[in-house]
Amino acid sequence: MTQTSLLGAAATPRLGILLSGRGSNFLALHEAIERGKLSARIALVVSNKSDAPGLEAARRRGLPTLARSHRGMSREDHDADVVGALRAANIDWVCLAGYMRILSPVFVDAFPHRIVNIHPSLLPAFPGLHAQQQAWDHGVLLAGATVHLVDHGLDSGPIVAQAAVPTSDLSSGDELAARILVEEHRLYPAAMQRLLTEPWRIDGRRLEFETPGARKVEPRG
Ligand code: GRF
């Protein structure tokens, strides 16, 4: 399947942020927008946790926020509720930023190739929870972070960008998580900016950027 970006769309893309916790990646995206490094606007910040520090940080910055608890609801009903709120806010792109919920098809199919996640490992290694500790326990020499589009699997969608960090001078999974987080805050805004401003297509499970004017490498004769 092939899908291309919205390059040339006139309006500033409207991001919906979903978070469940401290929201440092949300803040990195917000700061990139404020500094003119990310051509987008955060139109809604949603959390399934009303006491998420990231939600409070969004409120303090004057951004529209919404708390929608998932308690007592089926995954599909909760997702439909959140999708409805995102649609009402005319959201173009959904950025998951520490949203501790697996999205049902109700959600994924509502924004095809328009949901982005950041995961603290070099996918496809170490999907799921506690990825940094998984990597540390495994003894990898290179760990890192991945920005990817969300599909129906767990941390399995097309890769947009990755950053690697060395581990050999570290002494715990917590130290590794801190090192990866620094890269996450750089990687997520940069990857979003590329998605929003460069042409790209999906080919199989590969996401290919097709920057205009880029010279093709001629095969050797
Ligand atoms: C980050 O490590 C991110 O990679 C993962 O969840 C964590 C969220 O952290 N998906 P924060 O809430 O953005 O600080």
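**Contacts, burial and the ligand site**

Tutor: Let's start with a contact: a polar side-chain atom of Thr-146 sits 2.6 Å from the backbone oxygen of Ser-121. Keep in mind that this is a predicted model, where local features need pLDDT of at least 70, side-chain atom pairs count only at pLDDT 80 or more, and totals for chains, interfaces and linings use all residues. Residues are numbered from 1 along each chain as its sequence is written, and side-chain values use heavy atoms, with hydrogens and water left out.

Student: What makes a pair of atoms a polar contact?

Tutor: You need a pair of N or O atoms within 3.5 Å; within protein, one must be able to donate a hydrogen and the other to accept it, and residues adjacent in sequence count only if both atoms are side-chain atoms. Thr-146 also has a polar contact with Gln-162, side chain to side chain, at 2.9 Å.

Student: Where is Thr-146? And is Thr-146 buried or exposed?

Tutor: Thr-146 belongs to strand 6, residues 142-149. Strands are DSSP runs of E with at least two residues, helices are runs of H or I with at least four, and both are numbered from the N terminus. As for burial, the cut-offs for relative accessible area are under 20% for buried, over 50% for exposed and partly exposed in between, using a 1.4 Å probe and protein chains only. Thr-146 comes out at 0%, so it is buried.

Student: Why is Glu-76 put in its accessibility class?

Tutor: Its relative accessible area is 38%, so Glu-76 counts as partly exposed. You'll find Glu-76 in helix 3, residues 75-88.

Student: Now the ligand. Which residues are around it?

Tutor: Around the ligand are Arg-22, Gly-23, Ser-24, Asn-25, Gly-98, Ile-118, His-119, Pro-120, Gln-132 and Glu-184. The test is that a residue has a heavy atom within 4 Å of the molecule. The shell splits into 2 nonpolar, 6 polar and 2 charged residues. Here nonpolar means Ala, Val, Leu, Ile, Met, Phe, Trp, Tyr, Cys and Pro, charged means Asp, Glu, Lys and Arg, and the others, Gly among them, are polar. Helix 1 (24-34) and strand 5 (115-119) each supply at least two shell residues.

Student: What distance separates Glu-184 from the ligand?

Tutor: A polar side-chain atom of Glu-184 is 2.7 Å from a ligand oxygen. From the backbone, a polar atom of Asn-25 is 2.9 Å from an oxygen of the ligand, and an N or O atom of Ile-118 is 2.8 Å from a ligand nitrogen. The ligand alone exposes 360 Å², and the protein buries 87% of that. Those areas come from the Shrake-Rupley method with a 1.4 Å probe.

Student: Why is Ile-118 given its burial label?

Tutor: A relative accessible area of 8% makes Ile-118 buried. Ile-118 lies in strand 5.

Student: What makes Phi of Phe-126 worth a look?

Tutor: Phi of Phe-126 is near 55°, a positive value in a residue other than glycine. Phe-126 lies in the loop between strand 5 and helix 5. With 16% relative accessibility, Phe-126 is buried.

Student: And how about His-130, buried or exposed?

Tutor: His-130 has a relative accessible area of 60%, so His-130 is exposed. It is found in the loop between strand 5 and helix 5, and its phi is positive too, near 50°.

Student: Why does Asn-90 get its accessibility label?

Tutor: Asn-90 reaches 52%, so exposed is the label. Asn-90 is in the loop between helix 3 and strand 4 (93-96). Asn-90 and Leu-44 are 46 residues apart in sequence, while their C-alpha atoms are 9.4 Å apart.
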